[in-house]
Amino acid sequence: MSKYFGTDGFRGDANVDLTVNHAFEIGRFLGYYYGKEHKARIVIGKDTRRSSYMFECALAAGLTASGADAYLLHVTTTPSVSYVARTEDFDCGIMISASHNPYHDNGIKLLNCNGEKMEDSIIDEVERHLDGEYGELPLACGERIGKVIDHVAGRNRYVGYLISLATQSYKDVKVGLDCANGSTWMIAKSVFEALGAETYVINNTPNGSNINRDCGSTHIEQLQSLVRENKLDVGFAFDGDADRCLAVDEHGEIVNGDKIMYIYACYMKERDKLANNTVVTTVMSNFGLYKALDKAGIGYEKTKVGDKYVYENMRENGHLIGGEQSGHIIFSKYANTGDGILTAIKVMQAMLAKKTTLSELAKPVSMYPQVLKNVKVTDKEATLNNELVLAEVKAVEERLGENGRILLRASGTEPVLRVMVEAGTHELCEENVDAVIAAMNEAGLLIGVK
């Protein structure tokens with residue numbers, strides 16, 4: 001397990017867990033690492049957090065001090081950094097964002113030259129430098145010192161790319177957009193209005209501290225009200241860096257990532273465009289999605305939690321659609337990372353091509369009630385392999401049969417196991433989760449329980 005970087009970058013409370021010095025040293029190392037044989041070119045984007053400007057300056061200083069040229073996209077989305085990195089011959093890309101986290105957190109996401117999440121081998125080298133194992137890196141001097149270059153043109157090309165992917169006009173379609181006071185605050189409206197939509201936009205006035213605050217994909221109630229009150233056809237909510245998107249149908253009901261994957265997979269299958277007839281999900285996708293996919297004759301694969309693992313599976317096997325219930329959807333023909341605006345465009349494509357409402361498209365997916373409880377244990381591995389616990393898990397599986405499922409998953413950062421059950425009723429879920437936790441207690445594996 002990495003010391004600083006998780007599956008979605010180096011993230012923490014700005015200038016507490018992730019400091020300006022960390023950012024400078026990450027820039028120093030990347031400029032050195034990619035500049036050994038040529039002058040490195042590295043593109044940087046940021047979201048609207050107040051600390052993002054500080055980290056942008058620190059990264060740029062570190063890069064240029066090592067001789068690299070730093071190209072600034074300014075406030076933009078994570079998928080735009082991915083797009084620019086892979087289409088404009090950059091050595092790598094950096095996005096400054098803590099995604100859906102509150103404003104006081106921030107993060108540094110590293111992307112390779114293909115716009116994919118950085119290889120673990122390079123992340124390991126970055127961490128070695130942060131721990132002082134490389135010693136003092138050489139400083140560039142004279143004409144070797146790097147430049148900071150305004151590259152807003154790259155962001156504009158990304159916007160043009162998104163617009164080019166739409167296959168129909170959005171004329172006479174009323175669309176709500178919740179920009180989470182984040183990266184899409186200008187971009188989303190520009191894209192949808194260029195395509196002819198009548199847009200109703202909320203949470204598009206960032207002030208540095210209101211990103212994700214009671215808005216966006218993690219607080220979708222505002223968008224639901226906007227759609228209902230204005231009788232809109234559809235609404236889309238993004239997170240802080242716009243790699244996620246959740247939708248709201250014409251009745252104001254949430255259409256989550258599982259339903260979005262189902263809708264577009266069915267649309268692709270109908271046109272014989274669904275490669276391998278497969279959708280890639282994580283183990284946390286809802287049981288209702290799998291039941292609906294089974295009925296539609298569509299296969300699926302399950303990965304560990306994290307869009308990184310979804311993308312790796314898609315790349316290795318040639319699958320075209322995958323993602324998470326949270327709205328992190330990857331369309332691998334068009335992008336190498338989740339892209340919230342692209343996801344919205346794909347939902348619009350299915351609606352307009354099939355000339356039907358979003359509620360009708362999502363109707364076949366009946367989400368199963370779910371109960372998830374976190375319990376502290378003395379030893380995660382020992383608990384997962386304990387005979388009493390395994391016996392109770394097997395008993396739950398037998399009780400639920402084909403009408404539910406149980407999942408035990410270890411936290412990657414805490415001494416915690418997550419016990420999740422999906423079943424026909426909330427009561428059934430609660431009863432079976434508690435039965436497994438009781439088995440853990442009986443085996444003496446719980447912390448703080450007598």
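**Ground rules.** I worked with a predicted model, where local features need pLDDT of at least 70, side-chain atom pairs count only at pLDDT 80 or more, and totals for chains, interfaces and linings use all residues. Residues are numbered from 1 along each chain as its sequence is written, and side-chain values use heavy atoms, with hydrogens and water left out.

**Cores.** I looked up nonpolar cores, meaning sets of buried Ala, Val, Leu, Ile, Met, Phe, Trp, Tyr and Cys residues joined through side-chain atoms within 4.5 Å. Buried is under 20% relative accessible area (1.4 Å probe, protein chains only). The largest core holds 64 residues, and Val175, Val191, Phe192 and Phe236 have the most contacts inside it. Helix α8 (residues 257-270) gives the most to this core, with 9 residues. Another core lies apart from it, with 32 residues, including Ala40 and Ile123.

**Val191.** I checked its contacts (heavy atoms within 4.5 Å). Neighbours within four places in sequence aside, Val191 touches Val159, Leu162, Ile163, Ile341 and Ile345.

**Sheet.** I used DSSP runs: helices are H or I, at least four residues, and strands are E, at least two, numbered from the N terminus. Strands pair if DSSP finds at least two bridges between them. I found an open sheet of 3 strands, ordered β17-β19-β18, with antiparallel pairing. Its edge strands are β17 (370-376) and β18 (405-410). Between β17 and β19 (residues 416-422) there are 7 bridges. Val371 stands opposite Val421 in β19.

**Helix on the sheet.** Helix α14 (residues 387-400) lies across β18 and β19, at about 150° to β18. Axes are lines fitted to C-alpha atoms, for helices over the stretch in contact, and angles run from 0 to 180 degrees between N-to-C directions.

Definitions and conventions. Buried means under 20% relative accessible area, exposed over 50%, partly exposed in between (1.4 Å probe, protein chains only).
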